[in-house]
There are 2 protein chains.
Amino acid sequence: MAISYQLEQTSSESRARLGKLKTPRGEIQTPVFMPVGTQATVKTMTPEELKNLDAEIILGNTYHLHLRPGNDIVREADGLHKFMNWDRPILTDSGGFQVFSLGKLRQISEQGVEFRSHIDGSKLFMTPEKSIEIQEDLGSDIMMVFDECPPYPAEYDYVKESMDRTIRWSKRCLQHQKHPEKQALFGIVQGGMYPELRKESALKTTELDFPGYAVGGLSVGEPKEMMLEVLNTTIPYLPEEKPRYLMGVGTPDYIIEAVRMGIDMFDCVYPTRVARNGTAMTRFGNLTVRNAVFQRDFQPIEEDCDCYVCQNYSRAYLRHLIKANEILGFRLLTWHNLFFLIKLIKELRQAIADDNFLAWRDSFYKNYQN
Amino acid sequence: MAISYQLEQTSSESRARLGKLKTPRGEIQTPVFMPVGTQATVKTMTPEELKNLDAEIILGNTYHLHLRPGNDIVREADGLHKFMNWDRPILTDSGGFQVFSLGKLRQISEQGVEFRSHIDGSKLFMTPEKSIEIQEDLGSDIMMVFDECPPYPAEYDYVKESMDRTIRWSKRCLQHQKHPEKQALFGIVQGGMYPELRKESALKTTELDFPGYAVGGLSVGEPKEMMLEVLNTTIPYLPEEKPRYLMGVGTPDYIIEAVRMGIDMFDCVYPTRVARNGTAMTRFGNLTVRNAVFQRDFQPIEEDCDCYVCQNYSRAYLRHLIKANEILGFRLLTWHNLFFLIKLIKELRQAIADDNFLAWRDSFYKNYQN
């Protein structure tokens, strides 16, 4: 097996847990946040900077890399790690979510999905087999099955049909993968906002015995309470001894709640995307650095943050860079936000290790303005 | 005096020379290339990265910083060095060139120039005194006099009148500066493409006894031969014992020719600007990295370049980043281009030190395709 998960400790007060995920490219402490490197780069950052922030694993997007530069080119470069100069683990998604959210004029059949590229409108066809082949070209350490992510809201009958198809596609992915000893393949639980479909999906997916499981189809526009409720009813059907990955979640409060329910892995464009909009993440909530109120504010983003940005630059300077559309501004806010989120996860792990996760959570929420 | 220049060595075959420029923030080896940090940032780069490239001094733009964030804000931040986290020397231009090239609806009078901001169209009035006050707020180590840079082509009579006004403005700048012991003020020779006006401007400007002299008004659209001819006839009127700065020049061949004629300092947006257009500078000439021919080219930009970029990334990867509009692509090409140009100047200094500048120049040109 390409990866193995070791459960290290479980909170006595909740389902929060600590673990180690061993991969061919090193060991990852869980819970973990994976910065998103959509187009073979975590936007604005070098690999050395990501390591400096203690990023342990990053995510690559199969759909984007298939379209540009093309997975054939990445394969010729000896894989995504070599191409982008990152030697720690990479997880690739299956392209499913992007085909459904970015692809135009998509048509779903049992065989796969026909869609048009969001870049040049060319007609493309994605199947479970094709997704696996692309991910094998990319050479990620963890691949994801090709799934359908239904929109919210969606009718029960549609979600049921879609969920059953995702199970069939998952089997095809498993059968098609060539090197399970080099690249792990994770299953994805779907089922929309219907607890009974989530249960059915979880049982049928875990039956296929993947080395890890993701919960997909959440954070697609549903209310927060609904998402947490669905997550809470889904997780108990996932095996204790395998890593659990909540796809597309990256704000502090969602991460903390999901960890409380037993999630181990997260990815989200949130910290890097809001940075490019001029927003800094802090333990008091988001700071809209581009606001005029910071024009003459010569304090750092956060007084007690020991990141490179807070050690060297003022809010006034960062605001100036963002207003002037300077790349350094986007770099520095991205740096701070990733530092913030990765550090938050370290604190959260420490709280689980100390078995006072709920108290730590309460004290975090006391300051945090959502 | 804020700065002092020490002439160290002169080429026996040309007017090329080595020197040291002592400033309150450290010593600069000349000839030197100054990366341009228009808006309080050398585009895409951190100060630490610039130091890593051995950038010894950078340039800041008075016009831009006056408009945004405003020199009052920079002053409140304790000056430009502190604001942008750069502790090596900074030279600020006077804003003259930008008022004439970017300002809208400008009207020149003896008092100064009325113009409209290129950002919001607001009406502004720049005078020699105002330019000095802004540069004092910025706290640069070397300030420049407020001059008029006539366009090319321009009639003799206009250039003569403009040149005389620049002399009068230069005197007003000298009289207005408050801290000559902290901030040096350089004069600027104008005179368009007319050798006799250049001579007159040089004589009248040097009479004012500035600690350094710039040649302005070149590289404004005139043919290369004309520019070199004007430069060649101007430099002999500048004193040996003061630094000489050619404004706005930054391509290898122009730098080499100007050094041969006795220029010590250069600045130009060229290396950083072409980087953002997807072009890499090399000793064989420019490489348009965004071209399709590099799609599967897994070599570095330059085989024997020891910069961070060439050590870690392929042309194929850089092309991908540029095509995908990824900030990291602009960062990496900027990094390489500044490394290239600063390293070129180091080699050029070594050639002068070895007194074989002309042979070095010939061997450079043998490979270099303009």
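Predicted model: local features only at pLDDT ≥ 70, side-chain atom pairs only at ≥ 80, totals over all residues.
Student: What makes the two copies related as by a two-fold rotation axis?

Tutor: Chain B is superposed on chain A by a rotation of 180°, with 0.0 Å of shift along the axis and an RMSD of 0.0 Å. The two copies are thus related as by a two-fold rotation axis.

Student: Which residue of chain B comes closest to the rotation axis?

Tutor: That residue is B:Ile327, whose C-alpha comes to 3.6 Å from the axis.

Student: How many residues of chain B are in contact with chain A, and what area do the two chains bury between them?

Tutor: Contact requires heavy atoms within 4.5 Å, and 36 residues of chain B are in contact with 36 residues of chain A. The size of an interface is often given as the accessible area lost when the parts come together. Here chain B and chain A bury about 3,300 Å² between them, with 55% of it on carbon and sulfur atoms. B:His320, B:Glu326 and B:Ile327 supply 17% of the area that chain B buries against chain A, which is more than any other three residues.

Student: Which residues does the UniProt annotation "active site" cover, and how do you know that they cluster in space?

Tutor: The UniProt annotation covers A:Asp93 and A:Asp267. They are spread over 175 residues of sequence, yet the largest C-alpha distance is 10.3 Å, and in that sense they cluster in space. Both A:Asp93 and A:Asp267 are included in the lining of the largest pocket.

Student: Why is A:Asp93 called buried?

Tutor: Buried means under 20% relative accessible area, and because A:Asp93 has a value of 7%, A:Asp93 is buried. A:Asp93 lies in the loop between strand S6 and helix H5 of chain A. Leaving aside neighbours within four places in sequence, the residues in contact with A:Asp93 include A:Gly60, A:Tyr63, A:Gln135 and A:Met144.

Student: Why does A:Asp267 count as buried, and which backbone nitrogen does the side chain of A:Asp267 reach?

Tutor: The relative accessibility of A:Asp267 is 9%, and the limit for buried is under 20%, so A:Asp267 counts as buried. A:Asp267 has its place in strand S14 of chain A, residues 265-268. The side chain of A:Asp267 reaches the backbone nitrogen of A:Gly248 at 2.9 Å, to be set against a cut-off of 3.5 Å for a polar contact. Leaving aside neighbours within four places in sequence, A:Asp267 is also in contact with residues including A:Phe33, A:Tyr245 and A:Val249.

Student: Which residues does UniProt list for "binding site", and which of this set does the lining of the largest pocket take in?

Tutor: UniProt lists A:Asp93, A:Ser94, A:Gly95, A:Gly96, A:Phe97, A:Asp147, A:Gln190 and A:Gly217. From this set, the lining takes in A:Asp93, A:Ser94, A:Gly96, A:Phe97, A:Asp147, A:Gln190 and A:Gly217.

Student: Why is A:Asp147 called buried, and what makes A:Gly96 count as buried?

Tutor: With the limit at under 20%, A:Asp147 is buried because its relative accessible area is 5%, and A:Gly96 counts as buried because its relative accessibility is 0%. A:Asp147 is found in the loop between strand S10 and helix H7 of chain A, whereas A:Gly96 has its place in helix H5. Leaving aside neighbours within four places in sequence, A:Gly96 is in contact with A:Phe146 and A:Asp147.

Note on methods
Residues numbered from 1 in each chain as written. Chains lettered and ligands numbered in written order. Heavy atoms only, no water. Least-squares fit on C-alpha atoms with pLDDT ≥ 70 in both. UniProt positions renumbered as here; feature names shortened; annotations may be inferred. 1 Å grid on protein atoms, 1.4 Å probe; cavity = no way out; pocket = protein on both sides within 12 Å on 5 of 7 lines; lining within 4 Å. Helix = DSSP H or I, 4+ residues; strand = E, 2+ residues; numbered from the N terminus. Buried < 20%, exposed > 50% of the residue type's maximum accessible area, 1.4 Å probe, protein only. Polar contact = N/O pair within 3.5 Å; in protein donor to acceptor, adjacent residues only side chain to side chain. Buried area = accessible area lost by both parts, 1.4 Å probe.
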